[in-house]
Amino acid sequence: MTAVVTAPAKEATVPEPGLRALLRHRVHRKLLLLGVAALVLIPVGVALWGSGSWPAELTVDVSGPLDDANKWVVDNRDTHPLFLYFLLHLSNTATDAVDAVYQFLDAMGWLGVLAAGALFAWRAAGLGQRGVKVAATAFGAFAVCGLLGMWDATLLTIALMVVAVAVASLLGVLIGLAAGLSRRVDRALRPVLDTMQVLPAFAYLLPFVLVFGTGTPAALFCTVIYAAPPMARLTALGLRGADPAVLEASASLGASAWQRLRTARLPLARKQMLLGLNQTIMMALSMVVIAALVGAGGLGEEVYSALSTVDVGKALTAGIPIVLIAVWLDRTTAAAGDRIGESSPGGGLLHGRSAWALVFAGVVAAAFGRLAIGKAWPEGWTYEISTPVNKAQEWITENLTFTEAWSREFTLWILNPLRDALIWLPWWSLLLLVAALAWLVGTWATALTATLSMAAIGVLGVWGKSLDTLSQVLAALVLTLALGVLAGILSSRAGRLERWLRPVLDAMQTMPQFVYLIPVVALFGVTRASAIIAAVVYALPAVVRITTQGLREVDPAALEASRSLGASTRQQLLQVQLPLARPALQLAVNQGVVLVLAVVVVGGLVGGGALGYDVVKGLSRGEMGIGMTAGVAIVCLGLVLDRITQPATRKTD
Amino acid sequence: MRTIRTTTAVISALGVLTLSACSAAETGKKDEAGGAKTVKLTVPSWVGAQANTAVAGYILKKELGYTVKTQQMGEVLAWDALSKGDIDAIMEDWGHPKEEKQYVTTKKTVVKGGDLGVTGHIGWFVPKYFADAHPDVTDYKNLNKYAKDFKTAESGDKGEILEGSPDYVTNDDAIIKNLKLNLKTNYSGSEAAQITAIKKYAKEKKPFLTYWWTPQWLNAQVDMVEVKLPEYKAGCDADPKAVACAYPNTPLQKFLNADFAKNGGEAAEFLKNFKWTTEQQNEVALMIAGEKMSPEAAAEKWVKANEATWKAWLPKK
C-alpha cells in the first residue's frame, strides 16, 4: 500500500530538479516536526493509557443514546406533531407519487411503455443513425424485461426510479447551485456529500424505516440520499467551469447576477449537468435491492427473495432487467449529452417541435393499442432461464476447484498477516503513520483530518474491527488497481477490446451484488476473500474506464515526440503515457477507495465480518447503535484513505 | 445581494412546505377503495416461514376471497410494521422478547396469535457422514479433539463453527468461551451464504461444524446430526455473557396486529386457527427451495392434497 501512496508524490518531483530539492527539503522538515511532536506526545500517551490496542478509557459508547432515540421515535410517531404535521406528509406524498407513476405506466399497457421507451430514446439521441441505434437498445431492453417474465416488477422499479431520480436531481441541482456560486458553501458541503456516498445505506435505512415505516417512503429517501451527490458535484463543477470571458461579456452588457446565471452559466453547464443526471440514475439503480430490504417491491424484491432459496437463476432473472434499465438510460442520456452544442438543422418534419409531437402521437397510439392486445405482458411470451443458469452455475462451481485453494492461500498469506500486523501495531504508531503519510502528500490540514478520523474510529470503540476491515479494503484496493490499470492499458491500446469490454463492465457495475453473492461463496467459501472478490468486481469497471480515458487523452504531440526519439512501445507507456495520465490515475485510486468501501457491507453478507457484518446486524436486529457506529467508522476509514491517496487534486483546487 | 435572494427563496420554499403541512397527516395507510378485503402478510427471509405465508395466503385468497399482499423484510422491521398496521400478521416468530415486551405488553398494538404448531430448535450440527465415522463428536466434551478437522483459513489454529445471518439469535461466542472450547465463530452474514457453504462441504464430504436449526428444508438434502451441549434449563441463557448451555426448544408463535385481530373478521380468525406440523411445513418448504417451485404453486399443490387439514382452520359459519 505504501508503494501506491508514495509513488505519485515521487513522480511529481521528476520534471524539475530544483523542485525536487525544494520538496525533499520540505519533506525533511515535515518529518522532523512530526518526529518532535511524536517524541513529546507518545510518552505521555503511553504513560497515560498504555500501548497496544486502542485504550478503553478513550472510547465513548454512543449506542445508548442512539437506542434511546430509536425508542422515542417508536413511542411518539403516532402522536407527536413533528410526525403528524411534517414527516407523515412526506411519507404519504412519496407513496402516492410512486403509486401514481406506476398506475400511469400500467395504464399505458406494455405496448405503450415499449413505444414510449424506444421513441423517446430515438428523439433524445438525435434522429440520425445513432438515434436509431439507441432506440433499438431501448426497445431490446424492454422486450427482454418482458421476455424474462419481469414486466410488472420492472414497471414498479421504473416508477420508484422516476420519482427517486426526480427528487435527487432537484436536490442535487439546488445543492450544486449553492456550491457552484459560493466557494465557502462548496467547502462546507463537500464532506457532507462524501458522507452521503460513503456511509452505507444499510446504516441509515433503520432510522428511516422507524420514522417513515417500511415500504416505499424509506426506500425512496435512502435512494435520494445516495443518488443526489453526483448531480450536486457536477452542477457545481459546471457552474464553476463556465468560461470567464462569456461571463465578463454578459456582465458588461448589464446583466444582473440572476440573469447571468439563467442565460449564461446554467446553459454553459448543461453538459456537466446531464452527466450528473446520468450518474444519479446509475447510483439510484444500484439501490434497488437495498430498497427491497425494507419492502419497496419491484425487481429488488425478486432478487432478495431469490436469495433465501439460494436460487441464482431466479436472482439473475431479476438482475438482468436492472442492468438493462441502466444500459437503456445510460445510452439515452449519454447520447443526449453528446448532442448538446451540436448545431441541428432547423425545419423539416423530423426536427424540433414537430418531431416531439410525432413521438407523443406514437406513444398515445401505442397506449391505445393496448385495448386491442391487452395491458399485461402476454404470458406465453416469457422465457424461463433460471434452470439452465442454475445448472451452469453448479457445473462451474464444481469444476473450478482452484478458486478455493486460491482463497485459502490468499487468506492465510496476505489477509491474515496484514490484519494481524495492523492490530498488533500500537495505537499511537498507527496514528503517527497516518499523520506522516497524509502530511507527506498534503498539507497539515490534510494530516489533521486523517489523524482525527483515525482517532474517531478508536473513540467509537471499533478499533479492532475497523483494522480488520481496513486490511480487507487495502487488499481489495491493491487487487482492483492492479487489475484495473492493466485492463485499462490494454483497452486503451486496442479499440476492439474496449468495445467488447463495455457491456461486461456495464453489467459488473449495475448488476446488484446480491445476484453474485451465492456464486462467490460457492467458489471462494465463507471467507474474507469472498468479500474481497465481491468488492473487486464492483470497483473494477470504474478504474478500467478512468484509466482508459486518461491514457487516451494524453497529448498526441507528446507521444509523437517520444516516438520520433525512438522510444519503444513499452518506454512510451511507462515514461510518457502513464506519467502524463497521472491525474486520471489518481482519480482512479480515489474511485477505487470509494467503491471498495461501498461494498464492505455486502462483504459482510458473505463472510467479510467486521464492520460490514455489524452494519447488517444493526439493520436486521433493529439496533441503531451497532449499525450507526459501524457505518460512521466506515466513513472515517474512507476519509483516512482519501486523504492519504489524494495529493494533487486538493492542491490544484 | 445574492445572499438575500437565496434566503428569500429558501424561506418561501419552507413557507410553502409549512402551509401544505397545516393539517395533520393520516397516520395509518388508507385501506383499499371499494371495500375490498385485504390481508397484508410479511414474508420472512427463510423458506419455512415462506411456506406458512404461502399456504395461508393461498387459502385466504381462494377460499375466503381476500386480496393478499405480501411484503418481504427483516424480522425486527416486520415487528415494527406489525405494530404500525403496515402488515397484519407475522406467521412464524422465533422469539423476540424485547419486541414482545415493547409492542405486546407496553404499547398493546400487537397481540398473540397462538402457536404455529411447529417447534423450532437451534443447535450445533455436524454432517452425518462425519458423525458416523467419529461417533463421539456428538458430545461437546469431545469437540476439542476434533477442532483441527474443522479448521479453515478463517479460524486459524482453532476449529471453525459456521454462523449464519445476523438476524438469528446466537450465544455461540459465550458458549465457546464458557465451555473452554478450541473453536472460533465465523459469521457468514447471510443464510444464503451459510447454506451455500454447507452444500459445498457436503458435496465434498468434508467435516464441518455449524450453527443450525430445525425445521429447515436443507435437512432433507444434507443429513446433519446435533452435537449435545449442556442441557438447557430455564434461565440458563439469562445473562448473555455467562451462557454455557444449549438452546431451548421454541414453540413458534404467530402475532397479529391488535386492530386487525379485533376487526379482521374471517381472515383474523383463520390466521389464529392456522396450525400445522413440522413435517407439513417442511413438505411445502422443500417444494419451494429444493424443487424451485414458486411459493404459490407449492402452496396450491399442498392445499389440494391436504384438504382435511386446512378445512379445520376455516372460521365456523
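Which residues is B:Ser188 in contact with, leaving aside its neighbours within four places in sequence?

A few words before the views. This is a predicted model, where local features need pLDDT of at least 70 and side-chain atom pairs count only at pLDDT 80 or more, while totals for chains, interfaces and linings use all residues. Residues are numbered from 1 along each chain as its sequence is written, chains are lettered from A and ligands numbered from 1 in the order in which they are written, and side-chain values use heavy atoms, with hydrogens and water left out.

**View 1. Chain B as a whole.** Chain B has 13 helices and nine strands; these are DSSP runs numbered from the N terminus, with helices being H or I of at least four residues and strands being E of at least two. Of its 317 residues, 52% count as buried, where buried means under 20% relative accessible area, exposed over 50% and partly exposed in between (1.4 Å probe, protein chains only). Take the contacts (heavy atoms within 4.5 Å) in chain B between residues at least 6 apart in sequence: 72% of them join residues at least 24 apart. The accessible surface of chain B is about 14,400 Å², and 55% of that belongs to carbon and sulfur atoms. Such areas come from the Shrake-Rupley method with a 1.4 Å probe, and for residues only the protein chains shown count as cover.

**View 2. Strands β5 and β6 of chain B, side by side.** Strand β5(B), residues 159-163, is mostly covered, with five of its five residues buried. B:Gly159, B:Ile161 and B:Glu163 point one way, B:Glu160 and B:Leu162 point the other way, and all are buried. β5(B) runs parallel to β6(B), joined by five bridges; two strands pair if DSSP finds at least two bridges between them. Look for B:Leu162, whose bridge partner in β6(B) is B:Asn186.

**View 3. B:Ser188, in a loop of chain B.** Follow β6 (183-187) towards α8 (191-204) of chain B, and B:Ser188 turns up in the loop between them. With 0% relative accessibility, B:Ser188 counts as buried. Now for that opening question: leaving aside neighbours within four places in sequence, B:Ser188 is in contact with A:Val526, A:Gly604, A:Leu605, A:Val606, A:Gly607, B:Leu162, B:Glu163, B:Gly164, B:Ala193 and B:Gln194. A polar atom of the B:Ser188 side chain also lies 2.7 Å from the backbone oxygen of B:Glu163.

**View 4. B:Val39 and its strand.** B:Val39 sits in strand β1 of chain B, a strand (residues 38-43) with five of its six residues buried. β1(B) pairs with strand β2 (residues 67-72) of chain B in the parallel sense, over six bridges, and B:Thr38 has B:Thr67 as its bridge partner in β2(B). B:Val39 is buried, at a relative accessible area of 0%. Although B:Val39 and B:Ile87 are 48 residues apart in sequence, their C-alpha atoms are 7.8 Å apart in space. Beyond its neighbours within four places in sequence, B:Val39 has contacts that include B:Leu60, B:Tyr66, B:Phe260 and B:Leu271.

**View 5. Strand β3 of chain B.** Five of the five residues of β3(B), residues 89-93, are buried, so this strand is largely enclosed by the rest of the structure. Its antiparallel pairing with strand β9 (residues 249-257) of chain B takes in three bridges, and B:Ala89 stands opposite B:Leu256 in β9(B).

**View 6. Helix α8 of chain A.** All twelve of the twelve residues of α8(A), residues 201-212, are buried, so the helix is largely enclosed by the rest of the structure. Among them are A:Phe202, A:Tyr204, A:Pro207 and A:Phe212. Just after α8(A), A:Gly213 takes a positive phi of about 85°.

**View 7. A:Ser169 in helix α6 of chain A.** A:Ser169 belongs to helix α6 (residues 151-181) of chain A and is buried, with a relative accessible area of 11%. Not counting residues up to four places away in sequence, A:Ser169 touches A:Met231 and A:Leu277.

Terms used: Polar contact = N/O pair within 3.5 Å; in protein donor to acceptor, adjacent residues only side chain to side chain.
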